[in-house]
Amino acid sequence: MNFDLGFFAIAAPAVVFAGVSKGGFGSGAAFASAAILALVLPPTEALGLMLPLLMLIDLATLRPYWKRWSWPDAKVLIAGGLPGVALGVALMAVANEDVLRFLIGAVALGFVIWRLWPGEARHKALPVWAGALAGVAAGFTSFISHAGGPPVAVYLLSRGVGKTAYQATTVLIFWIINIAKAVPYAVLGVFTLETLWLDLWLAPFALIGAWLGVRAHDMVSERVFFGLTYVLLSLTGARLIWDAVI
């Protein structure tokens, strides 16, 4: 891998973007960073690079949202999320790089389609058992692409939690899920000395993004933020799928 200024010109903004999303907008778009990095790195290395940075962002955002979460909803999603991580481990152990590229791209495009789909059906209150299934989906997609936000969003939005409770709940859920992902990533060889060294260089950008996200929570329109996110995810998702099948 050639880690020159061109690489950091892509990686640093992507990491800041992840911090802003996780710090202020419910983690829904944070996985765009992994998708962007997968354009310039092998997918497993992009995932391994991002996880320590995501865990650092989790720690930085826990305090401002401490105990502001919806615990009944969080525990249902966490209970499903841990088995979902196990399913992700089983897939990654046998999948090749093109399979991972395709899955990351498909999740990216699927998220955009879901968010832009017309109608109100996706906002109807879902039962607790659906929350457990959403947790499984979140754990699985988080493990293979750091994209657990959409399934969690589907459930939490249906439950009618407030904006800050929604944000705080996602912080708690993904703090625990990301911890659960760390050991399997190490065992599967997803982390390398190179990616861990890069994490040290990129850590300040993760913290800057988290700081900006917390402060933007009440200041920046979600419509503007997610509008940009949809464009990024559509472009990167389509490119990753193209690279996987061609």
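Helix 4 (residues 71–92) has 22 residues, which should span 32 Å at 1.5 Å a residue; the end C-alpha atoms are 31 Å apart, so the two values agree. The model examined here is predicted.

Asp-73, Ala-74, Val-76, Leu-77, Ile-78, Gly-80, Gly-81, Gly-84, Val-85, Gly-88 and Met-92 are buried. The buried residues of this helix pack against four others: helix 3, helix 6 (128–145), helix 7 (149–159) and helix 8 (163–187). Lys-75 also belongs to helix 4. Its relative accessible area is 45%, so Lys-75 counts as partly exposed. In sequence, Lys-75 and Ala-132 are separated by 57 residues. In space, their C-alpha atoms are 9.1 Å apart.

Helix 6 was examined in the same way. It contains 18 residues. The distance from its first C-alpha to its last is 25 Å, close to the 26 Å expected at 1.5 Å a residue. The buried residues of helix 6 are Ala-130, Gly-131, Ala-134, Gly-135, Ala-138, Gly-139, Thr-141, Ser-142, Phe-143, Ile-144 and Ser-145. His-146 follows helix 6. The phi angle of His-146 is positive, near 55°.

A further pairing involves helix 3 and helix 9. Two packed helices are described by the angle and the distance between their axes. The axes of helix 3 (residues 43–62) and helix 9 (residues 193–216) come within 8 Å. They cross at roughly 40°. The two helices are therefore oblique to each other. The crossing of helix 3 past helix 9 is right-handed. Helix 3 contributes Glu-45, Gly-48, Leu-49, Pro-52, Leu-53, Leu-56, Ile-57, Ala-60 and Thr-61 to the contact. Helix 9 contributes Thr-195, Leu-196, Leu-198, Asp-199, Leu-202, Ala-203, Ala-206, Leu-207, Ala-210 and Val-214. By class, this contact has 14 nonpolar, three polar and two charged residues.

These helices belong to a chain with ten helices and zero strands. Along the sequence, the pattern is α-α-α-α-α-α-α-α-α-α. The chain has 246 residues, of which 52% are buried. Among contacts with a separation of 6 or more, 87% join residues 24 or more positions apart.

Conventions. Residues numbered from 1 in each chain as written. Predicted model: local features only at pLDDT ≥ 70, side-chain atom pairs only at ≥ 80, totals over all residues. Heavy atoms only, no water. Axes fitted to C-alpha atoms, helices over the stretch in contact; angles between N-to-C directions. Parallel < 35°, antiparallel > 145°, perpendicular 65-115°, else oblique. Left-handed = near helix turned anticlockwise from the far one by under 90°. Contact = heavy atoms within 4.5 Å. Nonpolar A, V, L, I, M, F, W, Y, C, P; charged D, E, K, R; others polar. Expected span 1.5 Å × (residues − 1). Buried < 20%, exposed > 50% of the residue type's maximum accessible area, 1.4 Å probe, protein only.
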